Amino acid sequence: MLNDFEILDRAEILYPDIEELSDLRRFIIDEDWSSFFRLVETVDPLDGLIQTGVDLENLKKTILQNNLHSLFRIIENKLGTCSENTNIKEYFEDLRKATLEKNIHSIFRIIERPSLKKIIVNSDLRTLYKWLCAITNSTLLKGLYSLYTREISYSTDCVSRGQLLSKLWLIQEIRLLNLELGVTYLLGGWYATLGPLLKDYNINLTALRSFDIDPHCSTIAERINKEWEMSNWKFKATTLDIHNLDYKISSYKTLNNIGQGILIEESPNTLINTSCEHIENYHGWFNKVPSGMLLILQSNDYFSNHEHVNCVKNLGDFKEQTPLATYLFEGELDLGLYKRFMLIGYK
Ligand SMILES: C[S@@+](CC[C@H](N)C(=O)[O-])C[C@H]1O[C@@H](n2cnc3c(N)ncnc32)[C@H](O)[C@@H]1O
């Protein structure tokens, strides 16, 4: 399972422009107090606007700038407004710990922010996921949250930085090319993490089918793509060897939610294979693809991974392995540990 650092990191890769998200990451990971105050000054996505009765501006100046004037202003304000029932001794003890020790427990007793407190003090992943989903409305984060609450284990490598950046790259190029994908097959689809991104970026497609030989993948893929799966099978995952598919008119059996085999016959318009490095007998597969098919392919030069049976050294090798009639895009993405190569075009 992903921990809070990893969840925040991945969320920020997906949504680099959401300030609150970066602020939460900067506070939790880097202990950046300016970020903390920006967060508590904004409306919380789960708790809404809370009037805490605390003089936030002066508390911020006291903690960030060690400003004693601000501290005395808080004290004066408190003495001027507190009722007989207020336990002033406790309040001042919390104020002392908050300002002198930056004690987070005391800070959250002074500033009322229940959800942030659960996320920051209790490392509550449920609340973190809910907070992130509320702020981003991300289908992928909702899917990961759903896996978390159901305690479904999966390889978190599916949302590693490299995997996410590669998928976002693919989405970006589809958008730039303004492609309409029609019936789209994801080959070696794994958990189909691309599905939620295609959905959230409004990529034009009529149906998404994910095929993977590993029988563990389909349940997870359907959980991650639940909304489309429930929308009349706009998404469907099937356990199948991609060598056994006919790509002109595909006829295959998939399982419905009570485990019955349902025969599907359809013609794909687009094949997406971001697992080219994993495919044995790649040429055999490529030869089965009909001419004119729109292909979106990724491979890499990560030879040291023992599951990678079909890596390529560079883009040129990838093109040689995958000769297309028309190339709409070709490029490489340096991910540090390895390079990802992508080809988009018609066979
Ligand atoms: C680790 S994953 C995908 C990595 C990839 N970079 C990505 O995110 O798209 C590779 C997947 O390809 C699947 N796979 C390999 N050979 C296959 C085949 N012949 N038919 C269907 N799935 C296959 C594996 O089961 C695995 O789930």
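In the predicted model, Glu266 and Arg209 form a salt bridge in which the closest N and O atoms are 3.2 Å apart. The two residues come from distant parts of the chain, 57 residues apart, with Glu266 in strand β5 (residues 261-266) and Arg209 in strand β2. Both partners are buried: this holds for Glu266 and for Arg209. In general, side chains of opposite charge can pair when their charged atoms come close. The structure holds 18 salt bridges, and the pair of Glu266 and Arg209 is one of them.

A network of salt bridges links Glu19, Asp23, Arg26 and Arg38. Asp23 and Arg26 are separated by about one helical turn, because they stand three residues apart in helix α2 (residues 19-30). Asp23 also forms a salt bridge with Arg38, where the closest N and O atoms are 2.8 Å apart. This second pair joins distant parts of the chain, since Asp23 belongs to helix α2 and Arg38 to helix α3 (residues 33-41), 15 residues apart. The members of these pairs differ in accessibility. Asp23 has a relative accessible area of 4% and is therefore buried. Arg26, with a relative accessible area of 23%, is partly exposed, and Arg38 also counts as partly exposed, at 35% relative accessibility.

A polar atom of the Thr62 side chain lies 2.6 Å from the backbone oxygen of Asn58. When neighbours within four places in sequence are left aside, the residues in contact with Thr62 are Asn67, Ser70, Leu71, Ile74 and Thr99.

Rolling a probe the size of a water molecule over the atoms shows where empty space is left. The largest pocket contains about 800 Å³ of space. Its lining is made up of 37 residues, and those closest to the centre of the pocket are Gly188, Trp190, Ser275, His278 and Glu307. Among the elements that contribute to this lining, α11 (161-177) and β2 (204-212) each supply at least two residues. Strand β2 is also the strand that holds Arg209, the partner of Glu266. By class, the lining of the largest pocket comprises 15 nonpolar, 13 polar and nine charged residues.

The second largest pocket contains about 260 Å³ of space. It is lined by 17 residues, of which Ser218, Thr219, Glu222, Lys236 and Leu255 are the closest to its centre. At least two lining residues of this second largest pocket come from each of α13 (217-224), α14 (226-230), β3 (235-239) and β4 (250-255). The lining of the second largest pocket divides into three nonpolar, seven polar and seven charged residues.

Technical notes. Residues numbered from 1 in each chain as written. Predicted model: local features only at pLDDT ≥ 70, side-chain atom pairs only at ≥ 80, totals over all residues. Heavy atoms only, no water. 1 Å grid on protein atoms, 1.4 Å probe; cavity = no way out; pocket = protein on both sides within 12 Å on 5 of 7 lines; lining within 4 Å. Points joined across faces, edges and corners; volume = space filled by probe spheres on them. Helix = DSSP H or I, 4+ residues; strand = E, 2+ residues; numbered from the N terminus. Nonpolar A, V, L, I, M, F, W, Y, C, P; charged D, E, K, R; others polar. Salt bridge = Lys/Arg side-chain N within 4 Å of Asp/Glu carboxyl O. Buried < 20%, exposed > 50% of the residue type's maximum accessible area, 1.4 Å probe, protein only. Polar contact = N/O pair within 3.5 Å; in protein donor to acceptor, adjacent residues only side chain to side chain. Contact = heavy atoms within 4.5 Å.
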